[in-house]
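Colleague: Hi! I'm new to this one, could you walk me through it?
Modeller: Happy to, let's look at it together.

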Amino acid sequence: MLNKKTLFYFIFIPIFFSCSNTNNEKIKIFFEKPLTLIQEQKLVLALSDDISNKNLLAILNNQNWIESFLIKKILFQPTEIFIASKEPKYIWQEKFYLDSNLTRFLYSGEYPDLLHLDIPIELVDKWLQFENELFSLVTLYNIKIFSVSYTKAEGWYFHTKNNIRINMGSDLTSNVFKKLSLTLKYIFEKNLTPSIIDLRYKDGAALNYGK
């Protein structure tokens, strides 16, 4: 549940609606951060409809994008709802967000610049083992990874924001990252601009300059 110390930072959004037993009853919703998710806006609209207290709890429990919520009721005063939303970290399969705990909730295009993961969910933990190593390496060359993909036929491969594809092979290992480091060093020393860096060769890497 929410820490009371954080409540002063919430954004106040009043919602008015008619309940079954009292007309013009008021609900006040406090979001921890500015609204960015379409689902947050849909919830605000949903709570503007005629709704009972029992349905209110059911609706809130059904929002998988909510990290936590608190309902505060005082007799003869508006019901107050405090909501902390989950923070998207990845876009998975172009359908869902993943937060830092790898829980899923619907992706609706709000954060297109997040890292896109097009990999089986069971391989996300594998990716997390090498994420920092990859980012530390490509940052040296001002390269930004846009997406991480995996298929059985092609293995792991990355796409950068400047349209370079990096084929890593069937497994992510320290040796593959060492090969990538040497290849990037060579490319930037020679001022080369390949479209594909293929590291699936035992004795080195192949560079492709096609579109």
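Colleague: Which residue in strand 9 stands opposite D118?
Modeller: That's S149. Keep in mind that we're looking at a predicted model.

Colleague: Thanks! How many bridges join strand 8 to strand 9?
Modeller: Three bridges join them, and the two strands run parallel. Strand 8 is also joined to strand 5 by three bridges, again in a parallel arrangement. In that pairing, W92 sits opposite L117 of strand 8.

Colleague: What order do the strands take in the open sheet?
Modeller: The sheet has nine strands, in the order 7-6-5-8-9-10-11-12-13, with mixed pairing. At the edges are strand 7 (104–106) and strand 13 (204–208), each of which pairs on one side only.

Colleague: And by what angle are neighbouring strands of this sheet turned against each other?
Modeller: On average they are turned by 25°, with direction ignored.

Colleague: Which strands does helix 3 touch?
Modeller: Helix 3 (residues 124–139) packs on the sheet and touches strand 5 (90–92), strand 6 (96–98), strand 8 (115–118), strand 9 (145–151) and strand 10. The direction of helix 3 makes about 140° with that of strand 8.

Colleague: Where does helix 4 pack?
Modeller: Helix 4 (residues 174–189) packs on the sheet too, touching strand 11, strand 12 (196–201) and strand 13. Its direction makes about 140° with that of strand 12.

Colleague: Do strands 10 and 11 pair in the parallel or the antiparallel sense?
Modeller: Antiparallel, over four bridges between strand 10 (residues 155–160) and strand 11 (residues 165–169). If you want a pair to click on, Y157 has N167 in strand 11 as its bridge partner.

Colleague: What about strand 12 and strand 13, how many residues lie between them in their hairpin?
Modeller: Two residues lie between them. Strand 12 and strand 13 pair in the antiparallel sense over four bridges, and Y201 stands opposite G204 in strand 13.

Colleague: Changing topic: how much space lies in the second largest pocket?
Modeller: About 160 Å³. The pocket is lined by 13 residues, and the closest to its centre are I164, I187, F188, L192 and T193.

Colleague: Which element gives the most to that lining?
Modeller: Helix 4 does, with three residues.

Colleague: And how does the lining divide into nonpolar, polar and charged?
Modeller: The lining of the second largest pocket has nine nonpolar residues, four polar and no charged.

Colleague: Speaking of charge, how many salt bridges are there?
Modeller: The count comes to five salt bridges. One of them joins E87 and K33, whose closest N and O atoms are 2.9 Å apart.

Colleague: Why does the pair of E87 and K33 tie together separate parts of the sequence?
Modeller: E87 lies in the loop between strand 4 (79–85) and strand 5, while K33 lies in the loop between strand 2 (26–31) and helix 1 (38–46), so the pair links parts that are 54 residues apart in sequence.

Key
Residues are numbered from 1 along each chain as its sequence is written. This is a predicted model: local features need pLDDT of at least 70, side-chain atom pairs count only at pLDDT 80 or more; totals for chains, interfaces and linings use all residues. Side-chain values use heavy atoms; hydrogens and water are left out. Two strands pair if DSSP finds at least two bridges between them. Axes are lines fitted to C-alpha atoms, for helices over the stretch in contact, and angles run from 0 to 180 degrees between N-to-C directions. Contact means heavy atoms within 4.5 Å. On a 1 Å grid over the protein atoms alone, a cavity is a set of points where a 1.4 Å probe fits but cannot get out, and a pocket is an open set with protein on both sides within 12 Å along at least five of seven lines; lining residues have an atom within 4 Å of a point. Grid points are joined across faces, edges and corners, and a volume is the space filled by probe spheres set on the points. Ala, Val, Leu, Ile, Met, Phe, Trp, Tyr, Cys and Pro count as nonpolar, Asp, Glu, Lys and Arg as charged, and the others, Gly among them, as polar. A salt bridge is a side-chain nitrogen of Lys or Arg within 4 Å of a carboxyl oxygen of Asp or Glu.
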